[in-house]
Amino acid sequence: MRTVNRFGKKILSLLTAAVMTAGLLTGCGAEQDYGKDVITLRWVTFGTAVPDDLQKIVKKANEYSAEKIGVVVNLEFQPSEMLNLIMASGEYYDMIFTSTWANVFNNQVAKGMFYDISGIVRDETPELYDKIGEYWEAAEYEGGLYAVPTLKDMGSEMMFRLNSDYFEKEKGMTIPESMSFEDLEPYLEAYKKDFPHKYPIGMDKSGFPGYSNLQEPVIGNILGIPYELDTPKVVPFWENENVIGKFRLLHKWYELGYISPDVAAMEFSAIDHDSPVRFGVAWRGYLGYSNPADWGFNVKTSIYAGPYISKATEQGAMTAICAGCTEEKARAALRYLQLLGSDTKFRDILAYGIEGEHFNYLPNGTILRTQRGSDCYSTSLYQTGSVVTASVESVSEDFLNDPDQWDKVFEGYKEYGIRSKSKGFVYDQSRKEDIIATINAIYLNYSTDLVTGTSDPDVVIPKMKAEMEAAGLDELLEDIQSELDKYLAENPD
Amino acid sequence: MDKNDQPVKKRKYGSLSSSAKKERRQLDLMTLPTVIWYGLFCYLPLFGMVFAFKEFTPVPGKSLFTNLFVNSPWVGLKNFSYLFRNPLSRSVILNTLTYNIIFLAAGIAIPVALAIFLSEVHQKKFQGLVQMTLVLPYFISWVIVGYCVYGFLSTDTGLFNSVLKYFGADPVQWYQSPQYWRTIIILLNIWKTSGYTLIIYLCSITTIDRTLYESAALDGASFMQRVRYITIPHLRPTVATLFILGIGSLLSSDFGLFYQVPMDSGALQDVTQTLDVYVYKSLMINANFSYSSAAAFLQSAVGCVLLIISNLIIRRVDKNSALV
């Protein structure tokens, strides 16, 4: 028996050592005492990588918010799958990222996962309530409010990104502020003539960004409500000329050799860096596509569609509070989000890092990231709170951005935004979940080839349609339409 | 325990027995990590099977166990329905089975043949070199293999098309041509896995008594006769074991091989879509744990049944070769 005991002890001490090392590695004890009445919130946001300087920057932000509102956060970046897992496994959190594309809001809210803030938001954080205004629509569900929408680009504008050095200076063509999709053709033709062995369109297997925004999504990119219709009707994308017309053109361009023949198998890294034509989704005045230092030439953007605004586009990024939270914590979370949405100096910390180390203010009021800022804290603004409150980022000291760009973007939405007429309709996908799963799988068999122009829509759509019909497409369409009609009747103007 | 308390009968074996026992206990202890590993990662997660028969409706702030066992209602076989709704599900299942049967057959024939030839090579250095070259692919991830294959098959810069162009032939758009892909997939699988199984067979061959070969050679047996009457009969238990293990995963497929290597090209889906790929595509957009558990349950259940049946058959034929 003594041998076993000795062995047992050895194993026990080994295990203890292992557990202790694991504890050290996970870095518990990073908590810092900010005072007795300060509330700590666990805030999980979307992110595929953890920025190197996160802890340092959060600490700086916590010092500020602890003093101002008595709330500090433990900020975590988690990828989409982890967000799903945290929600499903009942792990504790206070605030979490939710949207149409990661930790899907409409599904989670239907399961009752989020805190209804409609009763407390007006009296706890009136400033926040007023600032979000009409965009609260995004967080509505059966009369309650279940998240705080992040103010950012609330509609989607689809644009071409063209090499202006080549097209304007060399070829003498002009790049207008906006054009239609087919207007791109002469540019492609010109480049192909000069470089017959190259492909003018730089695109990978994910296709041209923006195809998913051309109609109001109901079931992914498959079924949607066309923005052009006065009476909302749900249709498959192949019945929406706005979508399928672009796929047809794209296929024509593919056949003409304007797109690489292997595009359907190509990753982003395989795109030719010289491609003079790319696609993008952003907003008027966005300069992220324009830095010549990034692209090797000057780029001008030209808008071909949008801005389309619907409940789905407004749900691009939101922060929800856990339904299991106490009211005290929920109020603290709202105060924190209000501070992020109103105090630019505080907002800039989580947005860009520490002033002087990660970024500097420029004389016109915009900011410029330092090398360390781009290396160790290159997050997107939507990940860490209100985008419009943060200072605007300039491309370089000579390439300045407009510090008031967001005012103009939001005015633009009012002026020429194309609004959905579905009044915030959301289809409860659990009604026909098995059909939806099946048609999703069928769609994915064809989508890459369609959105890259590889396949001819007139050949593959009939085949795909037949498969989807066999899987119950008509039953699904009927159900959605009757739900939509019911919803519209219940919510008259 | 006092030594005097021990029964007289046990003393008969003397001190040797007790030290041997001690040694055995120590050996038993050495299995502990494996037992713990299997317990934690193979048996404990089995409770997740319950997902397949429940509509998972978590309540925030409650633990996974409460949510699964208390808060979620039983729904019977409802979660399985999406697997059979697709008009393609027949071809998906057929694809999975066909590939696996071919893999199973090729995975026995080719490594066995290679092992026999390699065992005849008496130059140790050369043998080692060949062995290493054959095993190496086993350690390369499918993602990397996928990119290497792309290097060969890409339409304008790929190696194959460059050769075709050199000889004046028309280049082939490989990722749009499903007719080649069954062969490509089967070849790749053989290339990647046979080295590893080869080692197992080579080990069994080295355990065969050499004197058998010597006396057979003295009696004038040719190489083929020696293989047929000595090597193959001796390899039978190993073949049976690997066969039974392989049959258990007849409905499963290597996601990397069928999704990463063809670069998820839509034109190839008729020949590359297996059950795992289909499940991934169905659930990629809407994560539904119950649906994915249902698919996994189906795969394991079918695999388990097949495994038991094949084991029974093998036991009938050759008792020593069966697993249990």
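Trainee: How much of chain B counts as buried?

Mentor: Of its 324 residues, 27% count as buried, where buried means that 20 or more other C-beta atoms lie within 10 Å of the residue's own, exposed means 12 or fewer, and partly exposed is in between, with C-beta atoms placed from the backbone. Please keep in mind that this is a predicted model, in which local features need pLDDT of at least 70 and side-chain atom pairs count only at pLDDT 80 or more, while totals for chains, interfaces and linings use all residues. Residues are numbered from 1 along each chain as its sequence is written, and chains are lettered from A, with ligands numbered from 1, in the order in which they are written.

Trainee: What is chain B built from, helices or strands?

Mentor: Chain B has 16 helices and 0 strands, counting DSSP runs numbered from the N terminus, with helices being H or I of at least four residues and strands E of at least two. The radius of gyration of chain B is 26 Å, well over the 20 Å that the globule rule gives for 324 residues, so chain B is more spread out than a compact globule; the radius is taken over C-alpha atoms, and the rule is 2.2 Å times the number of residues to the power 0.38.

Trainee: And which domains does chain B have?

Mentor: The assignment gives domain 1 (3-48) and domain 2 (82-321), with bounds that come from an automatic or database domain assignment. The centres of these two domains of chain B, taken over C-alpha atoms, are separated by 38 Å.

Trainee: Where in chain B is the confidence lowest?

Mentor: That is helix α1 (residues 8-11) of chain B, at a mean of 49, whereas helix α10 (residues 181-207) of chain B is highest, at 93. These are pLDDT values, the predictor's confidence in each residue from 0 to 100, and chain B averages 86, with 94% of the residues scoring at least 70. Where pLDDT is low, the predicted coordinates should not be read in detail.

Trainee: Switching to the complex, what scores does the predictor give it?

Mentor: The complex has an ipTM of 0.75 and a pTM of 0.81.

Trainee: How many residues of each chain are in contact?

Mentor: 38 residues of chain A are in contact with 42 residues of chain B, a contact being two residues whose C-beta atoms, placed from the backbone, lie within 7 Å. On the chain A side, α1 (2-26), α3 (80-88), α16 (433-451) and α17 (457-470) each supply at least two residues, and the largest share, 14 residues, comes from α16(A).

Trainee: What kinds of residues are on that side of chain A?

Mentor: They divide into 18 nonpolar, 14 polar and 6 charged, where Ala, Val, Leu, Ile, Met, Phe, Trp, Tyr, Cys and Pro count as nonpolar, Asp, Glu, Lys and Arg as charged, and the others, Gly among them, as polar.

Trainee: Now chain A itself: what is its secondary structure?

Mentor: Chain A comes to 18 helices and 16 strands. Its radius of gyration is 25 Å, close to the 23 Å that the globule rule gives for 493 residues, so chain A is as compact as a globular protein of that length. In chain A, 45% of the 493 residues count as buried.
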